[in-house]
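Here is a short briefing on one protein model. Take the fold first, then single residues.

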Amino acid sequence: MASIRKVVCISYKTGKNVTRNGQSYPDSKLLTVGSAFVDAESGRIKGQFLAVPPQWDGEFLILDPLPKRDEQPDEHATS
């Protein structure tokens, strides 16, 4: 079974509001809380977390990790 590394984040409210298109919304930020391996076939997360942030709503955001510096495409390369 292949596992894919993912970044695990939670969303938290900053206490400020953001206005978009005339509507006001509570502002939120992402906090990285660790990484996990996701089974490519079942989509299940493999791992455990030893700490729970205060006032956390119980939802994780699973994101692809950013590419390493040496893996980023060269913006100045010509084709």
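How many bridges join β2 to β3, and do the two strands run parallel or antiparallel? Two bridges join them, and the strands run antiparallel.

This is a predicted model, in which local features need pLDDT of at least 70 and side-chain atom pairs count only at pLDDT 80 or more, while totals for chains, interfaces and linings use all residues. Residues are numbered from 1 along each chain as its sequence is written, and side-chain values use heavy atoms, with hydrogens and water left out.

**Overall make-up**

- The protein has zero helices and four strands. Helices (H or I, at least four residues) and strands (E, at least two) are DSSP runs, numbered from the N terminus.
- From the N terminus on, the order of elements is β-β-β-β.
- Of the 79 residues, 11% count as buried. Buried means under 20% relative accessible area, exposed means over 50%, and partly exposed lies in between (1.4 Å probe, protein chains only).
- Among contacts (heavy atoms within 4.5 Å) with a separation of 6 or more, 56% come from residues 24 or more positions apart.
- Accessible areas come from the Shrake-Rupley method with a 1.4 Å probe; for residues, only the protein chains shown count as cover.

**The sheet**

- Four strands form an open sheet in the order β3-β2-β1-β4, with antiparallel pairing. β3 (45–46) and β4 (61–63) stand at the edges with a single partner strand each, so one side of each has no neighbour in the sheet.
- Two strands pair if DSSP finds at least two bridges between them.
- Strand β1 (residues 3–20) is joined to β2 by 15 bridges, and the two run antiparallel.
- Asn17 stands opposite Pro26 in β2. Ser11 has Leu30 in β2 as its bridge partner.
- Val38 has Ile45 in β3 as its bridge partner.

**Turns**

- β1 and β2 form a hairpin with two residues between them.
- Asn21 lies in the loop between β1 and β2. Its phi is positive, about 55°, although Asn21 is not a glycine.
- Asn21 counts as exposed, at 82% relative accessibility.
- The hairpin of β2 and β3 has five residues between the strands, and Gly43 there takes a positive phi near 80°.

**Asp39**

- Asp39 is found in strand β2 (residues 23–39).
- Its relative accessible area is 4%, so Asp39 is buried.
- A polar atom of the Asp39 side chain lies 2.8 Å from the backbone nitrogen of Ser42.

**Nonpolar surface**

- Tyr12, Leu31, Val33, Ile45, Phe60 and Ile62 make a nonpolar surface patch of about 470 Å².
- Patches are made of residues with over 30% relative accessible area and no salt bridge; like charges are joined within 9 Å, and nonpolar side chains (Val, Leu, Ile, Met, Phe, Trp, Tyr) within 5 Å. A salt bridge is a side-chain nitrogen of Lys or Arg within 4 Å of a carboxyl oxygen of Asp or Glu.
- Leu31 lies in strand β2. With a relative accessible area of 38%, Leu31 is partly exposed.

Methods:
Polar contact = N/O pair within 3.5 Å; in protein donor to acceptor, adjacent residues only side chain to side chain.
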